[in-house]
Amino acid sequence: MKPRQFVLSLFLLPALPLAIQASSPPTVWECIKTTGTIVIDGRVDEKAWLAAPVLSFYQPITHAPATSKTEGRILWDDTHLYVSFVAEDHDLRATESRRDHPVFYDDCLEFFFQVEGANRYYNIEINAKGTVFDARGGSPRDFKFENMRHAVHLDGTLNDSSDVDTGWSLELAIPFSDIVELNGQPPQPGDRWRFHLSRYDYDDRFEDGKELTSTAALSRVSFHYRADWKELVFKYEGLRMEDELRF
Ligand SMILES: [Ca+2]
Ligand SMILES: [Ca+2]
Ligand SMILES: [Ca+2]
């Protein structure tokens with residue numbers, strides 16, 4: 001960085017350390033349309049994923065980078081919204097196997113979103129066993145994504161803290177036909193939803209036994225506080241397969 005740029009940066013960003021400010025989460029995210037095929041097997045290795053931009057995760061309030069690195073990706077096509085996570089995790093823990101029970105007491109990956117113009121939001125939370133908690137308007141009892149597909153892949157041993165695990169990954173395919181406000185139609189390019197991806201990582205190395213992180217700049221320790229979420233903008237032009245094949 002040239003001296004003049006450095007002085008300018010200090011002038012513009014007086015309140016926070018430069019290292020944190022430089023990696024602050026963006027407030028708008030482009031959702032790229034894909035023509036690629038995504039196999040929902042928990043492995044985030046399709047060419048479509050490799051071509052997608054990566055969302056990073058941050059701690060609430062300070063917006064410092066997550067200790068446990070997580071990569072989030074979002075794509076869409078004419079029928080589905082696709083979400084994936086690749087999560088480093090030194091100690092994989094999950095015991096809940098009942099749908100719509102509190103999977104967030106386990107290692108858990110989450111997707112919150114609200115369709116443009118809607119009043120109610122959706123949240124999908126999935127633990128490292130693959131158990132689903134899904135809710136509309138905060139209530140899991142009255143709503144279920146009937147045709148959502150998901151899969152997790154573990155790279156380590158579940159509920160065995162005697163070793164050091166590598167992490168886990170999750171793929172989701174959410175059919176637009178399951179989203180009430182869309183009335184059976186896919187989103188239109190230019191539509192602006194609100195969203196964030198979030199995570200609970202349970203590990204004794206953390207001071208209170210867990211780390212909560214999000215792709216959004218959370219002003220409080222709440223994943224449900226919609227004012228802090230990002231905008232998700234559906235892009236007009238998608239990636240062509242030729243672009244994806246370059247990776
Ligand atoms: Ca896959
Ligand atoms: Ca383990
Ligand atoms: Ca963990």
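User: Which residue in β8 stands opposite A87?
Analyst: A87 stands opposite W168 in β8. Strands here are DSSP runs of E, at least two residues long, numbered from the N terminus. This is a predicted model, in which local features need pLDDT of at least 70, side-chain atom pairs count only at pLDDT 80 or more, and totals for chains, interfaces and linings use all residues. Residues are numbered from 1 along each chain as its sequence is written, while chains are lettered from A and ligands numbered from 1 in the order in which they are written.

User: In what sense do β3 and β8 pair?
Analyst: They pair in the antiparallel sense, over 9 bridges. Two strands count as paired if DSSP finds at least two bridges between them.

User: And how many bridges join β7 and β8?
Analyst: Strand β7 (residues 149–155) pairs with β8 over 7 bridges, also antiparallel. Within that pairing, V152 has L170 of β8 as its bridge partner.

User: New topic: is I32 buried or partly exposed?
Analyst: I32 is partly exposed, because it has 19 C-beta neighbours inside 10 Å. This residue lies in strand β1 (residues 28–33).

User: How far apart are the C-alpha atoms of I32 and D77?
Analyst: They are separated by 8.6 Å, although the two residues are 45 residues apart along the chain.

Key
Helices (H or I, at least four residues) and strands (E, at least two) are DSSP runs, numbered from the N terminus. A residue is buried if 20 or more other C-beta atoms lie within 10 Å of its own, exposed if 12 or fewer, and partly exposed in between; C-beta atoms are placed from the backbone.
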